[in-house]
Amino acid sequence: MVTPSPRRLMAPAADALRRRNTRLTTRRAVQQAIVSVASLVGAPVFNQRGQRVGKLADLVARMHGQDRYPPLTGLLLRVGSRTSFLPIEAVESIAHQSVSLRTARLDLREFSRRPGEVLLAKDMLDHQVVDLDGRQVIRAADLYLAPVAGQFLLVGLDVSLNTLLRRLGPKRLRGRPTPERVIDWDAVAPFSDELTSSPPAVQLRSSDEQLRRLAPAELADLLEDLGRPARQDLLSRLAADTAADALEEMDPDELEALLREVQPAQAAALIAAMEPDEAVDALRDLADGERAAILAEMPADKAGELSALLTYPEREAGGFMTTTLVQAEPDSTIGEVKRAVADLSQHREEIDAVVICGPGGELLADLPLFDLVTHADDVTVGDVLAADETPEPLTVPPDASVAEVADQLVRTRHSSLLVVDEHGQPLGRILADDVLDALLPERGRLHFPRLLR
Amino acid sequence: MTRPDETTARPDEAAVTAQHEVVEDTASPPASGEHSVTGLALRRRTAAVIRRIPGGRRTLAYIAVAGPGLVAANAGNDAAGIATYSSAGSQYIYRTLFFMLLITIALVVVQEMAIRLGIFTGKGIAALIREQFSLRLTGLALFCVLLANTGLVVSEFAGIGAAFELLGVSRYWVIPPAAVLIWGLVLFGSYRYAERIFLILSLAFFAYPIAAILGHPDWTAVGSNLVIPHFLLTKGYLLLGVALIGTTVSPYMQFYAAAGVVDRGAGPANYRNARLDAVSGAVFACVISIMIIIATGATIGGRGPLSSAKEAAEALRPVAGSGAELLFAFGLLGASALAGAVVPLSSSYAISEAVGVERSVSRRFAEAPLFLGLFTLQTALGAAVALTPVNLISLLIGTQVLQGLVTPIVLIYILILTNRREVLGRHVNGPILRVVATVVVAAISVMSLLLLGQTVLGWFGLG
């Protein structure tokens, strides 16, 4: 089913912008002292006596660790045609377009990357990062350093177009920071290729915490915008159910591409964590071989459930129902039913009523959650059914069309109905929003390469 | 321009059998319902048809990732392409055929490099350029793409103008509304439907291979010109040669091909299929181009430079008789309108990708100001230049010369990227490919420089 999610219509979160502005003002003091990384690259490096010893080739920062802001751990210095590493202890000051060293004697070493270390100019500048406040994927136009308590910290990131123009302009202007759109480093999730390949033992950053707090729709947008390595990194940083929620919000074409990219085992884990109806939609879009490979990686019962759903045509009731049902018998108490519902809290969007079946599995009633709330815990379901005049359960056969399902829902003003087989056994449930998805035209973002498919 | 998946599905009986097939094979549901003819449904329907063909499953897997290469390469056969190939045929008869053979090799090499970058990095070419080169070099590359593509947009609107002039409508009445229409269709999201109409119109150019046979060309002359070089050392030949390169190896095709494979999630496992697609697409495009040259050479060869679209249309006379002009006009209109949207989008996409901002079509203007702004700018500029009172055919070929001059610069970037181990790991150009690719890029550069040199000398009266 196509999911033209409402997020496309949302205005950019205004509070996020406001938060960013406050961050900006509180950091004004820091801004006086910040140094632009873009202007430092290629800047002259002087020794203690003020003699020029070489050119700055790059800056090394430790990205993973306890620090809120990554500290510099050294420089790459180019002397003649040779590039070597200089630990940060040897650096006296870093100013606009010049670096001064503490010593006259240079202890030049070959640079070898330690885990979590990143070259700021080569790996971060001009690469994609996630701006957690603006909830978007951007490219770093400039990075800003600030001296804080004897350390040099990476404090912010600039994404403005003006900064790009400044960097294109004459050298004289290049060193001047233009911090109109500086993002605090604390609100940035970096996705450098080097970070992706660094060992998994590295510490979790606070940004991961913030990533997890984003809404599924926002994560879906980020996944769509990142390049492949970064996308895989982001996926691996999310828990399977968070990731699955985000995948449900993705554009179907983007999701198809993503599932093709990841290993079948990972794809299987992600799909298994999705709601069954969304999972089936995702599987339907893949080629036979790809689908079989993914199903083979799933636990047998999950694979069986999804394969069974796949046999229903996409645009018939069986093809877009969810199989997540809460079932109870007439002699269960309301309290027991409530606990059964609570156990399925991860499917909260898929449950709006409880299926009541007789001992033979035949459908008796479809008890709305409302009735669970309004009755005492010790009353049995049978009593509730006898007291209220609960209407006949609303049902359709698995081959009902979208239009028939919509008609039923509109006529009765129910928020969901049940799909039953020819023996009256419940198979699944269709909620009003599933019908909405089916009726609305595709409205996903249209990336240009897809225009000609 | 062709799409294998759709052409297979187009006949009505194919669709019907597919519907029928669903009874046993429910994994490919029928496309009934409110909006049946979505691309997805069409693809599924095709899938059901293909399953009936022996060995069809493999074909399906191929089609699942194939396409971008084929589409990208065939997009070269647009208005400006037709004008340039027709001009080659009318001016030099078959003398450019061997040259076209060399261009085919160049296109195959270049398209393969482009999709390899897309497949093994998962990023578009513009993103790779930004990450791998300095910002200034990135700026240069993107400026070149923008320049070449704006030239192409001019030619697409000129093509629309020429098509309507064949039908007796002045271009001054047609180009402004056409520009507004294409702009609106893309911005308001209904382009995908219009695109199908344009595609069908552009199929008219498939009459060329038939015209080439029915036109009774001197096949021995064609053969000898194909295998033995018949270069001329004149300025006109050089100019046309650069235009042929420009129109066949347009920079936007490489960007499009890479973006296409990335967008489909094609990874290293799909490399063989995607390469097959890119190579066959490039060869197919060049075969069509060669057929256009043969058809034109056989009918109006030797008349000298083309002066109007009417003359070019004569090449289709063996197929369509007196309807040749109409057929040509339809084809020209379809191809121009199709490329008129794709080309400016391609450069907007590349630039937005490099800057790192929103680059999807159906967002509101305020959400993707750079992407939609650049698209608007190129469309407006293209239409404005196409309205200047110059000969449309000269304008068409002129834009292709501009393309030819810019192409080598973009190719150098692609060559450097595919030679870099840190970008492609063990999939960098092998030693043989490295030599071939370097020779290709060097040869194209030398031709462009020669033309540039001659033109500059000409300004001082020395040429």
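A:V354 sits in strand 16 (residues 353–357) of chain A, where helices (H or I, at least four residues) and strands (E, at least two) are DSSP runs numbered from the N terminus. A:V354 counts as buried because 23 C-beta neighbours lie inside 10 Å; the cut-offs are 20 or more other C-beta atoms within 10 Å for buried, 12 or fewer for exposed, and partly exposed in between, with C-beta atoms placed from the backbone. This is a predicted model, in which local features need pLDDT of at least 70, side-chain atom pairs count only at pLDDT 80 or more, and totals for chains, interfaces and linings use all residues. Residues are numbered from 1 along each chain as its sequence is written, while chains are lettered from A and ligands numbered from 1 in the order in which they are written.

**Two valines in chain A**
- Leaving aside residues up to four places away in sequence, A:V354 touches A:V326, A:A328, A:V337, A:V341 and A:L367 (a contact means C-beta atoms, placed from the backbone, within 7 Å).
- A:L325 is 29 residues from A:V354 in sequence, yet their C-alpha atoms are 7.2 Å apart.
- A:V148 belongs to strand 11 (residues 142–148) of chain A, and with 13 C-beta neighbours inside 10 Å it counts as partly exposed.
- Between A:V148 and A:P71 there are 77 residues of sequence separation and 9.5 Å of space, C-alpha to C-alpha.

- Strand 18 of chain A runs parallel to strand 19 (residues 416–420) of chain A, and two bridges join them.
- A:T395 has A:L418 in strand 19 of chain A as its bridge partner.
- Axes here are lines fitted to C-alpha atoms, for helices over the stretch in contact, and angles run from 0 to 180 degrees between N-to-C directions.

**Helix pairs in chain B**
- Helix 7 (residues 97–121) and helix 16 (residues 271–300) of chain B have axes that come within 9 Å and cross at roughly 155 degrees.
- Helices 7 and 16 of chain B are therefore roughly antiparallel (over 145 degrees; under 35 is roughly parallel, 65 to 115 roughly perpendicular, the rest oblique).
- The crossing of helix 7 and helix 16 of chain B is right-handed, meaning the near helix is turned clockwise from the far one by less than a right angle, with anticlockwise giving left-handed.
- Their contact in chain B has 16 nonpolar, four polar and two charged residues (Ala, Val, Leu, Ile, Met, Phe, Trp, Tyr, Cys and Pro are nonpolar, Asp, Glu, Lys and Arg charged, and the others, Gly among them, polar).
- Helix 9 (residues 135–166) and helix 21 (residues 392–419) of chain B also have axes that come within 9 Å and cross at roughly 155 degrees, which makes helices 9 and 21 of chain B roughly antiparallel.
- Helix 9 of chain B passes helix 21 of chain B in a left-handed crossing, and their contact has 17 nonpolar, six polar and no charged residues.

**Whole-chain numbers**
- Chain A has 22 helices and 20 strands, and 42% of its 453 residues are buried.
- Chain B has 23 helices and zero strands, and 57% of its 463 residues count as buried.

Definitions and conventions:
Two strands pair if DSSP finds at least two bridges between them.
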